[in-house]
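Please read the following report beside the sequence and the coordinates.

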2 protein chains.
Amino acid sequence: MLKEIESRRSIRKYLTRDVMDKQILNLIESARLAPSGDNTQPWNFIVVRSAAIKNALIAADHHQKWMKEAPVLLVCTADITCRRKDGPFHLDENSSEPELKQIIRDAAIAIENLLLEAEHDGLAACWTGWFDQKDVRPILGVPENQYVCGIIPIGYAAEAHPAPRPRRPLETMVYYDSWGNSIK
Amino acid sequence: MLKEIESRRSIRKYLTRDVMDKQILNLIESARLAPSGDNTQPWNFIVVRSAAIKNALIAADHHQKWMKEAPVLLVCTADITCRRKDGPFHLDENSSEPELKQIIRDAAIAIENLLLEAEHDGLAACWTGWFDQKDVRPILGVPENQYVCGIIPIGYAAEAHPAPRPRRPLETMVYYDSWGNSIK
């Protein structure tokens with residue numbers, strides 16, 4: 001098993017130690033290399049260090065105060081114009097557009113690369129998404145063609161490697177040839 | 001950079017060499033360890049080896065004939081009842097449910113783990129998604145609470161490591177503190 005898949009944890013306590021832009025760009029590079037449907041690469045990233053903007057994002061993200069400790073909040077957006085040029089776009093949690101499902105999927109692939117790369121680099125991160133589009137969008141000036149896929153605190157862990165969260169047993173998620181056929 | 005992130009490719013030519021169930025279960029194990037919103041773990045997997053079912057899936061997936069060469073098609077579905085118990089569910093490409101966006105995101109995270117683990121294990125794979133829910137669902141008997149997120153051929157590569165597909169330059173996808181602010 002790839003070591004980083006096993007060892008990665010969602011970390012919610014950070015040291016005050018800073019993370020350099022070079023390190024953040026290396027994480028984004030790992031996302032840049034992700035696969036995407038039709039190679040559309042819908043992802044964009046905003047590296048947030050401004051205390052005022054961090055505070056506003058955290059307030060929009062259900063006031064998760066632990067996020068403040070991280071030196072960087074990395075925001076990932078996904079661009080629907082990779083798939084469909086015609087607007088206006090109304091991208092929110094209740095949108096029905098098929099292309100929105102595709103760009104959310106593709107941005108998620110890229111973010112998982114980034115989380116595994118953070119683990120590889122000895123950094124700590126936690127994907128958060130407890131916000132509404134309407135609250136986050138104006139803080140960052142995100143245009144209407146972008147969907148905000150995650151706000152990811154990045155820093156150095158201030159907690160010892162936590163135990164893994166409980167997972168469903170493997171055998172409950174595997175079928176053979178047809179749904180419901182658990183026995184090979 | 002994590003080696004597997006750099007070396008992973010979408011492979012569309014496979015040897016006739018078989019892949020053992022043990023290897024497929026190890027891939028699913030990597031998906032099982034993925035993070036998910038509220039640890040909901042919405043993913044399920046169907047390991048398809050039946051020639052008849054493979055052919056039907058490939059027909060539904062835009063007759064991509066190259067898929068036939070792979071010994072296994074791994075189908076990933078995402079379960080909306082991890083998020084919302086009340087049905088009936090109408091999960092298709094045009095659904096507006098916010099929970100559908102969340103489970104597509106979380107299944108995508110798990111599938112990216114699986115693709116990187118395949119690379120780690122010397123296996124070849126390619127995420128495909130050129131199908132409609134209504135076409136794939138009846139082939140496998142997928143219940144209405146599941147959304148089919150991908151059909152992933154898995155095997156051994158019969159092509160030399162292809163060059164990476166072109167990617168957007170890093171600097172086009174990074175902003176600082178606010179959308180549109182490219183200069184640090």
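The report begins with conventions and then moves from the sheets to the interface and the loops.

## Basis of the description

This is a predicted model, in which local features need pLDDT of at least 70 and side-chain atom pairs count only at pLDDT 80 or more, whereas totals for chains, interfaces and linings use all residues. Residues are numbered from 1 along each chain as its sequence is written, chains are lettered from A and ligands numbered from 1 in the order in which they are written, and side-chain values use heavy atoms, with hydrogens and water left out.

Helices (H or I, at least four residues) and strands (E, at least two) are taken as DSSP runs and numbered from the N terminus. Two strands are said to pair if DSSP finds at least two bridges between them.

Five strands form an open sheet with mixed pairing, in the order β3(A)-β4(A)-β2(A)-β1(A)-β5(B). At its edges stand β3 (124-125) of chain A and β5 (174-176) of chain B, each with a single partner strand, so one side of each is left without a neighbour in the sheet.

Strand β5 (residues 174-176) of chain A runs parallel to β1(B) and is joined to it by three bridges, with Tyr176(A) standing opposite Val47(B). On the chain B side, β1(B) and β2(B) run antiparallel and are joined by six bridges, one of the bridge partners being Cys76(B) for Phe45(B). Two bridges join β3(B) to β4(B) in the antiparallel sense, and there Ala124(B) is partnered by Gly155(B).

## A covered strand and the helices across the sheets

Strand β1(B) is mostly covered, for six of its six residues are buried (buried means under 20% relative accessible area, exposed over 50% and partly exposed in between, with a 1.4 Å probe and protein chains only). In a regular strand the side chains alternate between the two faces of the sheet. Here both faces are covered, with Trp43(B), Phe45(B) and Val47(B) buried on one side and Asn44(B), Ile46(B) and Val48(B) buried on the other.

In chain A, helix α3 (residues 51-60) lies across β1, β2 and β4 (146-155), at about 65° to β2(A). The axes behind these angles are lines fitted to C-alpha atoms, for helices over the stretch in contact, and the angles run from 0 to 180 degrees between N-to-C directions; contact means heavy atoms within 4.5 Å.

## The interface between the chains

The contact takes 71 residues from chain B and 71 residues from chain A. Together the chains bury about 6400 Å², 60% of it on carbon and sulfur atoms, where buried area is the accessible area (1.4 Å probe) that two parts lose on being put together, summed over both.

Between chain B and chain A, 38 residue pairs are in polar contact, both residues being at pLDDT 80 or more. The elements that give two or more residues to the side of chain B that touches chain A are α1 (3-7), α2, β1, α4, β4 (146-155) and β5 of chain B, and the largest share of that side, 13 residues, comes from α4(B). A polar contact is a pair of N or O atoms within 3.5 Å; within protein, one must be able to donate a hydrogen and the other to accept it, and residues adjacent in sequence count only if both atoms are side-chain atoms.

## Backbone details in the loops

A cis peptide bond joins Gly87(A) and Pro88(A), with omega about -5°, and Pro88(A) is placed in the loop between β2 (72-79) and α4 (98-120) of chain A. In chain B the peptide bond from Gly87(B) to Pro88(B) is cis, with omega near -5°, and Pro88(B) lies in the loop between β2 (72-79) and α4 (98-120) of that chain.

Asp38(A) is not a glycine, although it has a positive phi of about 55°, and it is found in the loop between α2 (21-32) and β1 (43-48) of chain A. With 65% relative accessibility, Asp38(A) counts as exposed. Asp38(B), likewise not a glycine, has a positive phi of about 55°.
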